[in-house]
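Subject: Structure handover

Hello,

Here is the structure I promised to pass on. Please open it first, then read the notes below it.

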Amino acid sequence: MITTKKENLIIDLLEDTVTVSRIFDNIEKVTGCDLIATNGCYPIICLMGLDLDKCTNHDLLDTYNTIFSNYTSKDNDNRDTAILIYNKFKGNIADDLKHSPHLSISYDN
């Protein structure tokens with residue numbers, strides 16, 4: 001179970017990640033270079049309790065990257081986007097852990 005304090009911390013981290021992602025998207029548009037890649041959602045997914053290192057299905061990470069990309073491409077402010085991503089990740093992680101409980105990470109706090 002994620003505490004409210006941890007939930008707020010994760011949303012803050014997501015907000016920062018959304019901001020950085022949007023900055024890199026703008027750099028890519030200006031430079032015409034699409035080789036800049038950030039994967040800031042990977043550690044956040046781990047903080048939320050899903051261990052992608054144990055996952056043999058690479059499509060799972062792609063799913064989370066797609067969710068992140070889809071929400072960051074919308075015109076919501078960074079905080080609202082972070083909350084939307086958090087809620088979507090939370091639901092997906094719960095479903096993924098139901099089907100693959102071995103991917104669970106447990107934290108004491």
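First, a rule for aromatic pairs: rings of Phe, Tyr and Trp (its six-membered ring) pair if their centres lie within 6.5 Å, and planes under 30 degrees apart count as stacked, over 60 as edge-to-face and the rest as tilted. That rule gives one aromatic pair. The partners are Y64 and F89; their ring centres are 5.2 Å apart and their planes stand at 75°, so the pair is edge-to-face. Y64 sits in helix 3 (residues 58-72) and F89 in helix 4 (residues 78-99), so the pair links distant parts of the chain, 25 residues apart.

Some ground rules. The model is predicted: local features need pLDDT of at least 70, side-chain atom pairs count only at pLDDT 80 or more, and totals for chains, interfaces and linings use all residues. Residues are numbered from 1 along each chain as its sequence is written, and side-chain values use heavy atoms, with hydrogens and water left out.

Now the overall layout. The protein has four helices and zero strands. Both are DSSP runs, numbered from the N terminus (helices: H or I, at least four residues; strands: E, at least two). The order from the N terminus is α-α-α-α.

Next, burial. Buried means under 20% relative accessible area, exposed over 50%, and partly exposed in between (1.4 Å probe, protein chains only). Of the 109 residues in the protein, 32% are buried. Y64 is buried, at a relative accessible area of 0%. F89 is buried too, with a value of 0%.

Helix 3 deserves a look. Its buried residues are L60, Y64, I67, F68, Y71 and T72.

Last, the core. A nonpolar core is a set of buried Ala, Val, Leu, Ile, Met, Phe, Trp, Tyr and Cys residues joined through side-chain atoms within 4.5 Å. The largest one has 22 residues, and L14, I45, L50, Y64 and F89 have the most contacts inside it. Helix 1 (4-31), helix 2 (41-47), helix 3 and helix 4 each supply at least two of its residues. Contact means heavy atoms within 4.5 Å. Leaving out residues up to four places away in sequence, I45 touches L50, L52, Y64, F89 and I93. Both partners of the aromatic pair are on that list.

Best wishes
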